[in-house]
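Here are a few exercises to work through with the coordinates open in your viewer. Try each task before you read its solution.

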Amino acid sequence: QDGMFVIIALVDQKTGKLKKSPDLISRGFVYLKENQELLRQVRMMIKKGVEDVTAKTTIVDFDVIKANLGENISKFLYQKTGKRPLVIPVILNV
C-alpha cells in the first residue's frame with residue numbers, strides 16, 4: 001500500500017565493512033530525486049547498522065544484518081514520512 005524500499009548493500013566478508021555506498025530503490029514510496037536528504041540519512045544508518053553488527057563478532061552473520069536493517073530503516077522511514085513501505089534489505093557478501 002505504501003510502496004517498497006529496497007536496500008542493496010555489498011559487505012566485505014573479511015572486514016564486515018561496506019564495499020561501497022548502498023544502492024537504494026524506491027517504488028511507490030517516495031520520489032528519490034526529491035528526497036536526497038532522506039536518502040543520505042538512510043545510507044548513514046545502513047553503514048552504521050552494518051558496522052555495529054559486524055564489530056561485535058568475528059563471524060559476519062548476514063541474517064542478523066538483514067533483520068536489523070529491515071527493522072531500523074522501516075521505523076526511520078515511518079518517523080520521517082508517515083508511510084510504511086515494505087523494506088527489503090539485500091546483503092551481498094564479496
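**Exercise 1. Helix packing**

Task: work out how helix H1 and helix H2 pack: at what angle, and how far apart are their axes?

Solution. Keep in mind that this is a predicted model.

Step 1: locate the two elements. H1 covers residues 36-55, and H2 covers residues 62-81.

Step 2: get the geometry. The axes make an angle of about 150° and lie 10 Å apart.

Step 3: classify the pair. Angles over 145 degrees count as roughly antiparallel, so H1 is roughly antiparallel to H2.

Step 4: H1 and H2 cross in a right-handed way.

Step 5: list who does the touching. From H1 come Leu38, Gln41, Val42, Met45, Ile46, Val50, Val53 and Thr54. H2 answers with Val64, Ile65, Asn68, Leu69, Asn72, Ile73, Phe76, Leu77, Lys80 and Thr81.

Step 6: sort that list by class. The H1 contact with H2 comes out as 12 nonpolar, five polar and one charged residues.

**Exercise 2. Salt bridges**

Task: how many salt bridges does a search of the whole structure find? Go through three of them.

Solution. Side chains of opposite charge can pair when their charged atoms come close.

Step 1: run the search. Over the whole structure, six salt bridges turn up.

Step 2: look at Lys19 and Asp12. Their side chains form a salt bridge at 3.4 Å, N to O. Asp12 has 16% relative accessibility, so it counts as buried.

Step 3: move on to Lys20 and Asp23, whose salt bridge has an N to O distance of 3.3 Å. Lys20, at 41% relative accessibility, is partly exposed, and Asp23, at 36%, is partly exposed too.

Step 4: finish with Glu37 and Arg40, where the closest N and O atoms are 2.7 Å apart. These two are three residues apart in helix H1, so about one helical turn separates them. Glu37 is partly exposed, with a relative accessible area of 42%, and Arg40 is partly exposed with 42%.

**Exercise 3. Two strand residues**

Task: for Ser26 and Leu92, find which strand each is in and decide how each counts by relative accessibility.

Solution. Step 1: begin with Ser26, which belongs to strand E2 (residues 23-27). Its relative accessibility is 8%, and buried means under 20%, so Ser26 counts as buried.

Step 1: list what Ser26 touches. Leaving out residues up to four places away in sequence, we get Met4, Phe5 and Leu32.

Step 2: turn to Leu92, found in strand E3 (residues 86-93). At 38% relative accessibility, Leu92 counts as partly exposed.

Step 3: list the contacts of Leu92. Apart from neighbours within four places in sequence, Leu92 is in contact with Ile8, Ala9, Leu10 and Val11.

Step 4: Leu92 and Ile8 are 84 residues apart along the chain, while their C-alpha atoms are separated by 7.5 Å.

Notes:
Residues are numbered from 1 along each chain as its sequence is written. This is a predicted model: local features need pLDDT of at least 70, side-chain atom pairs count only at pLDDT 80 or more; totals for chains, interfaces and linings use all residues. Side-chain values use heavy atoms; hydrogens and water are left out. Axes are lines fitted to C-alpha atoms, for helices over the stretch in contact, and angles run from 0 to 180 degrees between N-to-C directions. Helices (H or I, at least four residues) and strands (E, at least two) are DSSP runs, numbered from the N terminus. Angles under 35 degrees count as roughly parallel, over 145 as roughly antiparallel, 65 to 115 as roughly perpendicular and the rest as oblique. A crossing is left-handed if the near helix is turned anticlockwise from the far one by less than a right angle, and right-handed if clockwise. Contact means heavy atoms within 4.5 Å. Ala, Val, Leu, Ile, Met, Phe, Trp, Tyr, Cys and Pro count as nonpolar, Asp, Glu, Lys and Arg as charged, and the others, Gly among them, as polar. A salt bridge is a side-chain nitrogen of Lys or Arg within 4 Å of a carboxyl oxygen of Asp or Glu. Buried means under 20% relative accessible area, exposed over 50%, partly exposed in between (1.4 Å probe, protein chains only).
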